[in-house]
Amino acid sequence: MNRQAKIPDPSRFFEIRFESIGGLGAHAAGQILARTAVLHMSLNGAHFSSYGSEKKGSVVRSYVRLSSADKPIRSSAPIDIPDVIVVFHAALLEQRITLAGLQPSGTLICNLPAGEIPDSLSRVPAGTRIVRIDALQIAVEERSRPNAVLLGALTAVLPFLDTDAVLTGLTEGFSHHDPQAVAANERAFSRGGKEFELLDQTGLGAEGLPVMRPTPVWGYQTAPLGGVLPLPGNTVWNDLTASRTGWLPVFNTEQCIHCGLCVLVCPDFCLAWSNESAGDVPALECPDFSLSWSAEGPGEEAPSARLLGIDYRYCKGCLRCVETCPTEAMRREAETPGLAERLQVPLFPEITNRVGGAGGN
Amino acid sequence: MATNIQAAVNESTTEQRGKTEAPQHVDFLGGNEAAAAAARDIGFHLMGYFPITPSTEVAENLAKMQADGEHEIVMVPGDGEHGAAGICYGAAIGGGRVLNATSSQGLLYALEQLPVQAGTRMPMVLNIATRAVSGPLDIRCDHSDIYFALNTGWIILLARDPQAVYDLNFAAVKIGEHPDVRLPVLVAYDGFFTSHQKRRLECFDDPPSVRRDFLGEPHAPYTALDPRHPVTFGPYMNDPDLINNKKQLSLAMEAARSVIPQVLEDLYAITGRRYPVMDAYGMEDAEVAVVLLNSAAETAKEVADHLRENGRKAGVLSPNVLRPFPAEAFRGALAQVRAVVIGDRADSYGADGGNLSLEVRAALQQDAHNRTLVLSRIYGLGGRDFDDTDAEQFFAQALDAAAAGEVALPFAYHGVYDGEPQKNPPSGLPAIETAEVSRGMARVREDPDTGRLEVELEPMWATTAMPGRIAPGHGACPGCGVFPVLHQVYSVLEGDLVVLFQTGCAMVVTTGYPNTAHRITYIHNLFQNGAATLAGLVEMYHELLRRGELPNSPDITFMMVTGDGGMDIGIGPALGAAHRNHNMIILEYDNQGYMNTGAQLSYATPLGHRTSTSEVGCTRSGKAFHHKDTAQIFASCHLPYVFTASEGYPEDLMRKAAKSQWYAKREGLVYGKVLSFCPLNWRTTDDAAQTVLQTAVDSCFFPLYEVEKGRTVISYDPDLLGRRQKVGDWLRLMGKTSHLLSPGNAPHLEAVEAEVDRRWRRLKAMHEHPEL
């Protein structure tokens, strides 16, 4: 299969930027699209992603640059002014850099649940085509991943892309390491191409959004010599909310014996303890820790040591506290909009509890 | 036939493909994948390697292909890049074709071996995905690594895109093996920009015929594997002989000047793609030019096109060969150019220009008639992008100089930021007072009868009163085990603590500039040398105390943290520190692989486990050799205290941490090896830690024990407690090992079980016999 696709304007590149969190499949989606364009649509293409170490949960940008077959691709620079931006996670819309460079002639595809439209979309330029698709919900229903759904939507709104070819590319990409996922991905892709919604009149911006390049905080005249950081612990300003992928722990104080086991296994140091007095709690044997271990609370001995709750600014949703809790005081729940904000117990109340909060970067 | 992109990039678009051209097919690969594909198609005999970002994918791709039976290259994972270079050197002396790939610190760590290989005239191919050298540590592209290789006697080819990586690997073999040359060859391409950016390219349909017709059989004039012709390799050679040996090397480089164009012409004949020694774009009538290496030159070509559309005669020069340096080609190309900006992606500090700039200026100086104005610029360090606007500025500076007839600024850094006086990163947290972390969470007492330490721990809830020495907001993966390990250890360590982390997950995710999660003093050094570095600091501490030069005489505990992957490269300096018995703790977090860089095998990876360099396929079933037992290695250094622990058994770990501090302050070096959860690369859910870690212990794969003043004591005996599980019960829990439960892998499973059982029985014997 090798069909001749035509770039809308063959004299220039057609450029797509995927904005995502590590683990959601944006890198794979970009690669599948570009690979398909080159191998099955007779286009020229390049694909790359911006990420550093291989960890889950950090911001990932994936770039696809397409051109007609006879136009060489030379630049390896990131895409500043994309024709299409695909946003994989709603939390990313709060960061201005996610939509940087979006033009009135462009297209924005967002993984968003139906219902209320986030305020952040109002700054999209008027005229920009905004596409909403609940990729997470469809992915869950079809046991696929959001990237399959988003590729389906992307292919549907860009007529020059050959739907069959992209679908073939998608299944090729997955069948390589997970043949069972092929059917699920086909269904997710197909639903992505049908169930998207055009949000007209949402963008109110007067003009294209500016290109943003991260500026260093310090320069060569202001940075301490040798790269030292005399700022102990200033990661507290970071916001890791976007690292969660649908689940969070919910704390039930009624069932807690304040034994402290959760603190010992929490990788993200996001559990808040208080000095306020609470009632007596019983000790409890915990057979899972079979050394001289027992899970016991402070009781009368130190009524001040009490687990108050979770600072969701830092919680990445690993649920190790849920696994470890001997009394089921930690419960796994699906993260619905606003849930984390309602249950938030801040470790550092002076830090604004919003994504990219004051002083963050 | 598909359009040929590289031909369009070069200036030979109109030439027809020759009759000798080999059949090819279109593929879509990044530079690392292209290097791996070329290695597969060349059919090297052996690859010695050690993973390092961003070149790691070369070995990863070859490991995957190997598991799927696509090639027969012997893949030898080095203990570090220095070892990998040694493996390659030894293999080359055997006479076959040898490959390696590395970057940055990897090249520098191997550097000592490079002149050895060149001086003894052993060809091989070393791919370099170029990357900034530390410190501070930066994983992104610049050319500071390959500039260190300029004086090693290696031929250096430059590959500007994935197609060039593929093609020039073939050329590298043929150039290096040419009887007039006999030199190793380095193929350098830009880290990330080229190594990870996928492009359209063409690969040979029938590699065996290309090997036969283009490469031919390797022929080594001398090999170490011919007992009937004994040869001494590497004699002891002082004056007056060495200079003559180096003259031979110099002559080989001169010979390469004529061999390289021949080989590249032969390459053109079979590929249809031209690689002139000097890629001269729009230079015939250029009045201004920029000189750049690799991917940045491609960006500049786009800008040169735009300038020409606006009547400016602009050109781009970028050599495809850096050694031997094409001085004559530069002189010719720049003879009529009025002004040139030479961009270096690395500085030769204090020399008013990077190496490329210095060498081009030196080349021009030999042309008495040359009047070209030269501007030297340092750009793009540490991966800073070079895009159209940067190229436009370079051309604008050249045009300004040409118009003025003089250079206003001969040397400058391009793209730096001076900073704003009032602008600072977010503030840090207050320093932790000594009293706040001196809470007696563990009371340690020496048992006068046994001489062993007894530890009484406060209840777990009480430890929540200890201020965290690591702040929240670090960027580790969800579920990461390193931070529970550190937290459990920190919870019982009393008083002031200074830590050194070797390169690894915990280092990367806690110190992304300008943020640090560390609330106590923290030092990073490369993982070749962490223990030595901390040893130096410990001794300085004691000497300053002795001289009364340390204000307030703080009482400091020193701890080094090594991982991910355990303790591999730095084990030499760590053993040195152990034998010198400094007052410090070495804490190893063993997550069974190099996880930060994408889960390559480390020596801590057990037999049969799947990693990205020990793949599972029709011909391979994961890692081919057993895991390293660092606890026993350090026990044999006769240290005061050695232990193993797991974050799955926090209380045990915390007791041992308390003992570690006692011994480190009083008696000397402590080594602790802690099994640490990695859900991403063990392929489990993020919340599977307790089950997986405890089963690792209960199956006796990872016994918990301590060696205290030479006496081995098992801390937790699953047999006695009736909790013993089968190794298979543990392996079943992880995606990286589930293949070992299949019937076809029964021999592997049995091998793992037998080794686990053997080590456990041996440990029990040591436990039972005080003298063992």
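This is a predicted model: local features need pLDDT of at least 70, side-chain atom pairs count only at pLDDT 80 or more; totals for chains, interfaces and linings use all residues.
Which helix of chain B lies across β1 and β8 of chain B, running at about 30 degrees to β8(B)?

**View 1. Two helices of chain B lie across β1 and β8.** Helix α8 (residues 162-177) of chain B runs at about 30 degrees to β8(B). Helix α2 (residues 31-42) of chain B lies across those strands too, and runs at about 10 degrees to β8 (198-204) of chain B.

**View 2. Here's an open sheet of nine strands, with mixed pairing.** Follow the order and you get β7(A)-β6(A)-β5(A)-β4(A)-β1(A)-β3(A)-β2(A)-β8(B)-β1(B). At the edges sit β7 (197-198) of chain A and β1 (24-29) of chain B, each pairing on one side only.

**View 3. Zoom in on β5 and β6 of chain A, which pair in the parallel sense.** Strand β5 covers residues 107-111 and strand β6 covers residues 129-133, with five bridges between the two. Pick out Cys110(A), and you'll find Arg132(A) of β6(A) standing opposite.

**View 4. Domain 1 of chain B touches domain 3 of chain B.** Chain B is split into domain 1 (5-14 + 23-203 + 217-271), domain 2 (278-413) and domain 3 (472-768). The C-alpha centres of domains 1 and 3 of chain B are 35 Å apart.

**View 5. Here's the contact between domains 1 and 3 of chain B, with 18 residues of domain 1 meeting 21 residues of domain 3.** On the domain 1 side, α3 (56-67) and α5 (104-110) of chain B each supply at least two residues. The largest share, seven residues, comes from α3(B). By class, that side of domain 1 of chain B has seven nonpolar, seven polar and four charged residues.

How values were computed. Residues are numbered from 1 along each chain as its sequence is written. Chains are lettered from A and ligands numbered from 1 in the order in which they are written. Domain bounds come from an automatic or database domain assignment. Two residues are in contact if their C-beta atoms, placed from the backbone, lie within 7 Å. Helices (H or I, at least four residues) and strands (E, at least two) are DSSP runs, numbered from the N terminus. Ala, Val, Leu, Ile, Met, Phe, Trp, Tyr, Cys and Pro count as nonpolar, Asp, Glu, Lys and Arg as charged, and the others, Gly among them, as polar. Two strands pair if DSSP finds at least two bridges between them. Axes are lines fitted to C-alpha atoms, for helices over the stretch in contact, and angles run from 0 to 180 degrees between N-to-C directions.
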